[in-house]
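Me: I would like to go through this structure with you. Let us take it in short questions and answers.

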Amino acid sequence: MTREIRITPSILNADLTKLSQEIARIAGVSDLLHLDVMDNVFVPNFTFDFERASQIIKESVLPVDAHLMVADVDLIAPAYGEAGCASVTIHAEATTNIASTLRAIRHTGARAGLGIKPGTKIEDYESFSDQVDMFLIMTVEPGFGGQKFMHEMMEKVRRTRKLIGDRPIWLQVDGGISIDTIAEAAEAGADTFVAGSAVFNAGDPAAMVLSLRNCATSVAD
Ligand code: DX5
Ligand code: ZN
């Protein structure tokens, strides 16, 4: 089966003081820019408030894939769609009304993503598959870049791939994706890959994006 592969670099590990140059380095070879929004409540780390995130979304030459790691996400998620994101992902653990928030995101024209942490079962959220444009399976505990890839999440990825089948729902993995782990995730069925430190700690980030893509594509073909 041929699957379309998407590489979505995360700017969490980029130099945030010169963000537009950092984005320019990977723009030509990447599909989307992964924006990690953390509130220091849902996760023990803070990245951007909505105002700063909106600025980045407006200035980015790449379409933005917002990953909202914030508590009470139902309130803020649609605003990320309104701000121009191509995709907005909420965490199942942070929402009290998944269906209506996914609907509200789609209503803004953005793709609606549903993410789960390593300890959360996909089985509990399979019934939402008609309402999502992307499932995100975390392959680290959300909160920080540069953590070790959790191989044990691959069973969850495989199960989610089975659930999706050939429907145009993206299957994203996030955390610890590198040239050493991307093939395993692609083999399990992922098609959309977040890579933070692997890309921005590389001497040539664009070349790394290409290598990651080649690696995933060769497995997915
Ligand atoms: C972690 C974030 C990730 C992070 C990935 O909570 O959601 O997107 O930036 O960074 P790496 O690729 O370094 O694991
Ligand atoms: Zn992320």
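Predicted model: local features only at pLDDT ≥ 70, side-chain atom pairs only at ≥ 80, totals over all residues.

Me: Which strand gives the largest share of the shell around ligand 1?
Reply: Strands (E, at least two residues) are DSSP runs, numbered from the N terminus. E2 (33-38), E3 (64-69) and E8 (192-195) each supply at least two shell residues. The largest share is three residues, and it comes from E2.

Me: How far is the polar side-chain atom of Ser-197 from an oxygen atom of ligand 1?
Reply: A polar contact is a pair of N or O atoms within 3.5 Å; within protein, one must be able to donate a hydrogen and the other to accept it, and residues adjacent in sequence count only if both atoms are side-chain atoms. The side chain of His-67 has an N or O atom 3.2 Å from a ligand oxygen. For a backbone N or O atom of Gly-176, the distance is 2.8 Å. For the polar side-chain atom of Ser-197, it is 2.5 Å.

Me: Is Thr-95 buried or exposed?
Reply: Thr-95 is in the loop between strand E4 (87-91) and helix H4 (98-107); helices (H or I) have at least four residues. Buried means under 20% relative accessible area, exposed over 50%, and partly exposed in between (1.4 Å probe, protein chains only). The relative accessible area of Thr-95 is 12%, so Thr-95 is buried.

Me: Which residue's side chain makes a 2.7 Å polar contact with that of Thr-95?
Reply: The side chain of Thr-95 has a polar atom 3.3 Å from the backbone nitrogen of Ile-98. The 2.7 Å contact joins two side chains. The partner is Asp-74.

Me: Which residue's backbone oxygen does the side chain of Arg-213 reach?
Reply: Arg-213 is found in helix H8 (residues 205-220). Its relative accessibility is 18%, so Arg-213 counts as buried. At 3.2 Å, its side chain reaches the backbone oxygen of Ile-5.

Key:
Residues numbered from 1 in each chain as written. Chains lettered and ligands numbered in written order. Heavy atoms only, no water.
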